Amino acid sequence: MTHTRVTPAPGSLKRHQTRTAYTFLALPLVFFLIVRFLPTFLALRMSLFDWNILKEQQPFVGLDNYRELFQDAKFGQALKNTALYTLIGVPAQIALGLGIALLLSRITALRGLYRAIYFAPYVTPIVAAAWVWQWLFSPQFGPINTILDALGLPPQPFLTSTGQALPTTAALVVWQNLGFQVVLFLAGLAAIPRTYYEAAEIDGASGWQAFKGITWPLLNPTIVFSVVTGTIAYLQLFTQVVNLNFTDQGGPLGSTLTVALYIYQMAFGRFSMGYASAITVVLFGIILLITVFQLKFLTRRYDA
């Protein structure tokens with residue numbers, strides 16, 4: 001008795017593979033929709049109500065929360081501070097990360113140790129790091145002012161100064177994110193073929209010319225990724241600000257207040273969930289627009 005082996009038709013097999021792929025993709029997609037899009041939709045809906053958990057009624061107010069928002073001086077200050085954090089932090093961490101990565105890519109001895117040292121702050125708990133920095137920059141007994149005094153320089157108020165608190169906080173965030181930037185740029189540099197540099201060296205190109213003509217253009221995907229993720233992180237800055245000046249969150253005099261912290265204060269300080277939701281929707285829109293702009297105008301295509 002002979003047995004005939006049945007071979008499925010190519011079209012049937014392809015449809016089966018497609019259904020299987022979509023089945024496996026559906027699970028994370030549903031999870032993403034529940035975790036991301038559902039809260040966004042609920043926040044948008046809540047922003048149209050005078051939603052206060054201390055009140056029995058939650059009346060529909062339409063766009064009143066948004067009208068109040070754009071007349072709120074404190075929100076304007078938080079938005080300005082958030083923009084300053086972003087403008088200071090993103091360029092600083094990219095420049096330092098790329099510079100350190102270029103140096104580390106040239107050494108062979110103890111390379112792993114140096115990478116671990118630079119990456120350590122990134123895996124350090126943010127709360128612990130913020131409290132250590134609070135001690136370092138304490139005007140009364142901080143080591144930084146002790147060093148300044150030993151050098152004959154006047155002590156600085158740092159976190160108690162409206163002019164110095166924001167740059168000091170931004171420095172903490174840059175220091176903490178620097179290790180990630182270094183690892184990111186090291187990976188980008190490793191992906192550039194060495195033959196390009198060898199050809200440039202044969203042609204007599206200087207180090208700066210090689211960086212400008214080879215390294216910088218071919219690092220574009222890495223740079224775009226760093227700019228986009230860094231900008232999003234700074235626009236959502238919260239934990240460092242809260243813990244660096246725990247007794248006066250967002251202070252002094254609102255000089256370190258961020259939009260994310262203001263949302264928290266409105267939602268869990270005043271229980272104005274509707275107003276906090278309106279701020280959340282506006283922040284989401286700002287992040288979305290900036291991200292689209294960055295992806296459109298920063299992305300470049302280079303022929304390898």
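Is lysine 55 buried, exposed or partly exposed? Lysine 55 turns out to be partly exposed, at a relative accessible area of 40% (buried is under 20%, exposed is over 50% and partly exposed is in between, using a 1.4 Å probe and protein chains only). The model is a predicted one, where local features need pLDDT of at least 70, side-chain atom pairs count only at pLDDT 80 or more, and totals for chains, interfaces and linings use all residues. Residues are numbered from 1 along each chain as its sequence is written, and side-chain values use heavy atoms, with hydrogens and water left out.

Lysine 55 has a partner: its side chain meets that of aspartate 50 in a salt bridge, 3.2 Å from N to O (a salt bridge puts a side-chain nitrogen of Lys or Arg within 4 Å of a carboxyl oxygen of Asp or Glu). Aspartate 50 is partly exposed too, at 29% relative accessibility. The count comes to two salt bridges. Aspartate 64 pairs with arginine 67, with the closest N and O atoms 2.5 Å apart. Both aspartate 64 and arginine 67 sit in helix H2 (residues 64-69), three residues apart, or about one turn of the helix (helices are DSSP runs of H or I, at least four residues, numbered from the N terminus).

On to the inside. The largest nonpolar core has 49 residues, and Phe75, Tyr85 and Phe185 are among those with the most contacts inside it (such a core is a set of buried Ala, Val, Leu, Ile, Met, Phe, Trp, Tyr and Cys residues joined through side-chain atoms within 4.5 Å). A second, separate core of nine residues includes Trp133 and Phe137.

Definitions and conventions
Helices (H or I, at least four residues) and strands (E, at least two) are DSSP runs, numbered from the N terminus.
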